[in-house]
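Here is a short report on one structural model.

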Amino acid sequence: MSATRTTPARLTWHQAAVPGTDGTVPARVYRPAAPRRWLVWAHGGSWRTGSAAAWHGPVADLALAADAVVVSLDYRLAPAHRHPAALLDVLAAVDWARARTPLPVAVGGDSAGATLAATAALVARDRGVRLAAQVLAYPPIDPACRAASYRREPAAFPTPAVLRAAWADHRGPGGWPGRLYSTPLEAADLRGAPPAAIAVGDADPVADDTRAHADRLRRDGVAVRLAELPGLGHGAFLTSPLFRRRLAAAYTELEDPR
């Protein structure tokens with residue numbers, strides 16, 4: 001573990017090594033002055049790119065907005081490490097966080113990381129682990145990319161072809177053991193999953209996937225706070241402070257309803 005470093009606005013962070021199933025998982029741990037909760041975060045990048053370092057600013061901003069200790073993971077990336085490697089890294093970080101705090105622990109992520117978080121929440125449910133929330137920024141859900149929003153703006157990122165290729169690199173040929181879901185669509189139902197804070201821009205090609213997942217959660221009795229932001233596309237967690245504030249608000253309102 002490295003020395004503690006300070007970022008602006010009452011936040012410190014340090015590098016950590018999370019014990020995983022195959023070695024350790026590097027992570028950056030962001031701590032506001034008076035945290036009220038913990039959040040394990042998986043970055044986006046189509047399962048193939050991205051890092052905790054590249055996501056540093058937005059994740060630090062989220063930690064402050066949500067009054068949360070955020071554990072930002074450098075999970076294993078495809079295609080060198082296919083599913084369920086990244087999912088197992090997220091689950092290991094959830095266990096690591098739960099062992100270190102009496103505060104509520106949630107799991108979250110943006111884009112591909114949100115898909116990992118949504119599936120980790122379901123595996124945790126299956127294992128009898130109670131999480132406080134799942135915090136999802138525009139998760140892709142359908143590997144076939146069939147929703148109408150993928151076709152509204154053909155040049156918008158991610159295109160269906162790009163995302164289908166990313167899914168294939170991540171999932172590989174399949175055959176993973178047990179209920180280690182690569183998408184929530186593989187779960188028979190979502191009952192008993194942790195409450196969900198979800199945010200998506202209405203110009204995002206994955207918007208319909210995200211809305212459909214929110215609807216399915218609700219049908220299965222899971223509390224959902226869905227924030228839809230006009231005019232924002234994919235990647236808004238990285239580019240829009242408003243998006244991060246709305247996601248943080250949905251997250252904290254799940255735990256502190258007014």
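By class, how many nonpolar, polar and charged residues does the lining of the largest cavity have? The lining has six nonpolar, three polar and two charged residues. Here Ala, Val, Leu, Ile, Met, Phe, Trp, Tyr, Cys and Pro count as nonpolar, Asp, Glu, Lys and Arg as charged, and the others, Gly among them, as polar.

This is a predicted model, in which local features need pLDDT of at least 70, side-chain atom pairs count only at pLDDT 80 or more, and totals for chains, interfaces and linings use all residues. Residues are numbered from 1 along each chain as its sequence is written, and side-chain values use heavy atoms, with hydrogens and water left out.

**Cavity**

The structure holds one cavity of 30 Å³ or more. The volume of the largest cavity is about 30 Å³. A cavity is a set of points, on a 1 Å grid over the protein atoms alone, where a 1.4 Å probe fits but cannot get out; lining residues have an atom within 4 Å of a point. Grid points are joined across faces, edges and corners, and the volume is the space filled by probe spheres set on the points. The lining consists of W47, Y75, R76, L77, A78, H81, R82, H83, A86, L116 and H170.

**Aromatic pairs**

A pair of aromatic rings is described by the distance of the centres and the angle of the planes. Rings of Phe, Tyr and Trp (its six-membered ring) pair if their centres lie within 6.5 Å; planes under 30 degrees apart count as stacked, over 60 as edge-to-face and the rest as tilted. The whole structure has four aromatic pairs. Two of them are tabulated here.

| Pair | Centre distance | Plane angle | Class |
|---|---|---|---|
| W47 and W167 | 4.5 Å | 50 degrees | tilted |
| Y138 and F243 | 5.5 Å | 55 degrees | tilted |

Helices (H or I, at least four residues) and strands (E, at least two) are DSSP runs, numbered from the N terminus. W47 sits in the loop between β4 (37-42) and α1 (56-66), and W167 in helix α5 (residues 160-171), so their pair ties together parts that are 120 residues apart in sequence. Buried means under 20% relative accessible area, exposed over 50%, partly exposed in between (1.4 Å probe, protein chains only). W47 is buried at 1% relative accessibility. W167 is buried too, at 1%.

Y138 belongs to the loop between β7 (134-137) and α4 (149-152), and F243 to helix α8 (residues 241-255), so this pair ties together parts that are 105 residues apart in sequence. Y138 is buried, with a relative accessible area of 1%. F243 is buried at 0%.

A charge also meets a ring. The charged end of R37 sits over the ring of Y251, 5.6 Å from its centre. The criterion is NZ of Lys or CZ of Arg within 6 Å of the ring centre and within 35 degrees of the ring normal.

**Helix α3**

Helix α3 (residues 112-126) has 15 residues. From first C-alpha to last, α3 reaches 21 Å, close to the 21 Å expected at 1.5 Å a residue. The expected span is 1.5 Å times one less than the number of residues. α3 is mostly covered, with 14 of its 15 residues buried. Just after α3, G128 takes a positive phi of about 80 degrees.

**Backbone exceptions**

Most residues other than glycine have a negative phi, and most peptide bonds are trans. W47 is not a glycine, yet has a positive phi of about 65 degrees. S111, also not a glycine, has a positive phi of about 55 degrees. S111 is found in the loop between β6 (105-110) and α3. Its relative accessible area is 8%, so S111 is buried.

H83 and P84 are joined by a cis peptide bond, with omega about 15 degrees. P84 lies in the loop between β5 (68-73) and α2 (85-98). The bond from F157 to P158 is also cis, with omega near -5 degrees. P158 is in the loop between α4 and α5. At 3% relative accessibility, P158 counts as buried. The C-alpha atoms of P158 and E255, 97 residues apart along the chain, are separated by 32 Å.

Definitions and conventions. On a 1 Å grid over the protein atoms alone, a cavity is a set of points where a 1.4 Å probe fits but cannot get out, and a pocket is an open set with protein on both sides within 12 Å along at least five of seven lines; lining residues have an atom within 4 Å of a point.
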